[in-house]
Amino acid sequence: MTRIAIIGGGISGLAAAFALEAHRRSAALEYTLYESSPRLGGVLRTEHIQGCIVEAGPDSFITEKPWAADLCRALGLGDQLIGSNDADRKTYILVRGRLIPIPDGLMFMVPTRILPTGLSPLFSWSTKLRMARELFHPPRAAGANEDESVASLVERHYGAEMVDRLADPLLSGVYGGEAASLSVRAVLPRFAEMERTHGSLGRAMLAARKKMPRPANQPAPPLFTSLKNGMQQLVETLVPKLDQPSLLTNTLVDSIQPEAGGWKLLAGLKSDHYDAVIIAVPALAAARILSLCSPELSGELAAIGYSSSITVGLGYDRDVRQSLPPGFGFLVPRSEGHRLLASTFVHNKFPHRAPGDRALLRCFFAGSNAENIWQLSDDAIIAIVRNELQQILGLRATPLFARVYKWKSAMAQYGVGHLDRLDRIERLRQQLPGVALAGNSYRGIGVPDCIRSGTEAAKQFLNS
């Protein structure tokens, strides 16, 4: 009987457990999942408040990455998948106190349609001229493939204003980090490759679009996908399909150590022996667990940075819903001097999330913006959100409800040189046979990537 320990009960660890569960009897294996907190699911947490579906953590996942939707279908949740309301998709950027819509044809930050971008007040004329000249940008010199920050690449192509008004706000909403510190090769590998092959990001994007014709009668898939009853529905459906005695909550793993061709796992006063261990916790926690058996690997893991975030959900009445602008919400460049980084109009993005007479807003702080208000009470944080919404939207109404959710060191920061660090981590991990790593610290922070990493970690031992 092969015994496998899974450390971490977030979606990465749960995905690993689900992959093992399918082979538990036929492959003569058993697993034990250790979770330090009282609940499973990590940041996937949903509340139902006054008819609204309020997400404490991620509200959806990118449709283009298939692993989350595939898991949902494997769990029998295929008919529960819902797409974002892309017909009304519009995102605003706050510029000098005004909400300016991102123009059509702007793919992330690369303009692919001249007229909408040229007429948009989002950019100055000097930036618009940079966009035109960018189409003639030469390929990067051979050998110049060292890593750099996203800000460095974007500024080289489009100037500092594009970094401030688009690159940084967009990445803050995804990674909770800053464009000046995030790695191009890890965060936007497609952009690094486009620059290498085409020089101009605009030319490369247009060439890629030509190669991907879509039949006229086939609608584009939604940008985002979620579940009708919220992201926690994934956890609530998955957990009952696992071997219940094998799920240990409120159990903090202290360390693992080599023992008799396997691994001795220490958790408080208890210890147990396993043939293999899947470590599906944040890199900082993984570093602590591995500090005794591999100080060098522990050091590399500890060097992966993390950002904290605060999400605030607010519900309003019909009058507020009718007064808000159309679209998915807005992003706030740091240069605007606000603490709030973004706000989503959830009732527009996912109409299933709120009744027709309710407005549901989701406000977001991350990085230093979150750390600076971390110690404040929930009421004080809600007061900050309401003040900023009044300044940005003119919204003075009292919310029908408000909830604050804090996630300490939850978002991995893929700094410059991250992929080189991952190569070093993998070489060191291979010196520990029977140990696998999974989670958002490595090659993707979204729900699909976490599911993929947990599943692949489990398959290492199913195939061995």
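This is a predicted model: local features need pLDDT of at least 70, side-chain atom pairs count only at pLDDT 80 or more; totals for chains, interfaces and linings use all residues.

Q: Is His338 buried or exposed?
A: The relative accessibility of His338 is 15%. Buried means under 20% relative accessible area, so His338, at 15%, counts as buried.

Q: With which side chain does the side chain of His338 make a polar contact?
A: Leaving aside neighbours within four places in sequence, His338 is in contact with Leu94, Val332, Asn369, Glu388, Gln391 and Ile392. The polar contact of the His338 side chain, at 3.4 Å, is with the side chain of Glu388.

Q: Which side chain makes a polar contact with the side chain of Ser84?
A: Ser84 is in the loop between strand E6 (81-83) and strand E7 (91-95), and it is buried, with a relative accessible area of 6%. Not counting residues up to four places away in sequence, Ser84 touches Pro222, Leu223, Phe224, Phe328, Lys349 and Phe350. The polar contact of its side chain, at 2.6 Å, is with the side chain of Asp86.

Q: With which side chain does the side chain of Asp86 meet in a salt bridge?
A: Asp86, whose side chain is also in polar contact with that of Ser84, is partly exposed, with a relative accessible area of 23%. The N to O distance is 3.2 Å, and the partner is Arg89.

Q: By how much of a helical turn are Asp70 and Arg73 separated?
A: The side chains of Asp70 and Arg73 meet in a salt bridge, at 3.5 Å from N to O, and Asp70 is partly exposed, with a relative accessible area of 41%. Both residues belong to helix H2 (residues 67-74), and because they are three residues apart there, the separation is about one helical turn.

Q: How many residues apart in sequence are the parts that Arg156 and Glu195 tie together?
A: The side chains of Arg156 and Glu195 meet in a salt bridge, at 2.8 Å from N to O. Arg156 lies in helix H5 (residues 150-158) and Glu195 in helix H8 (residues 189-198), so the pair ties together parts whose separation in sequence is 39 residues.

Q: How many salt bridges does the structure hold?
A: Side chains of opposite charge can pair when their charged atoms come close. In this structure, Lys65, Asp449, Arg452 and Glu456 are linked in a network of such bridges. The number of salt bridges that the structure holds is 23.

Q: How are the rings of Tyr34 and Tyr274 paired?
A: The structure holds four aromatic pairs. The rings of Tyr34 and Tyr274 have their centres 6.2 Å apart and their planes at 85°. Planes over 60 degrees apart count as edge-to-face, so the pair of Tyr34 and Tyr274 is edge-to-face.

Q: How many residues apart are Tyr34 and Tyr274?
A: Both Tyr34 and Tyr274 are buried. Tyr34 is in strand E2 (residues 29-34) and Tyr274 in strand E15 (residues 270-274), and the pair links distant parts of the chain, with a separation of 240 residues.

Q: At what distance from the ring centre of Trp374 does Lys408 lie?
A: Lys406 lies over the face of Trp374, at 5.6 Å from the ring centre. Lys408 also lies over the face of Trp374, and its distance from the ring centre is 5.0 Å.

Technical notes: Residues are numbered from 1 along each chain as its sequence is written. Side-chain values use heavy atoms; hydrogens and water are left out. Buried means under 20% relative accessible area, exposed over 50%, partly exposed in between (1.4 Å probe, protein chains only). A polar contact is a pair of N or O atoms within 3.5 Å; within protein, one must be able to donate a hydrogen and the other to accept it, and residues adjacent in sequence count only if both atoms are side-chain atoms. Contact means heavy atoms within 4.5 Å. A salt bridge is a side-chain nitrogen of Lys or Arg within 4 Å of a carboxyl oxygen of Asp or Glu. Helices (H or I, at least four residues) and strands (E, at least two) are DSSP runs, numbered from the N terminus. Rings of Phe, Tyr and Trp (its six-membered ring) pair if their centres lie within 6.5 Å; planes under 30 degrees apart count as stacked, over 60 as edge-to-face and the rest as tilted. A charge sits over a ring if NZ of Lys or CZ of Arg is within 6 Å of the ring centre and within 35 degrees of the ring normal.
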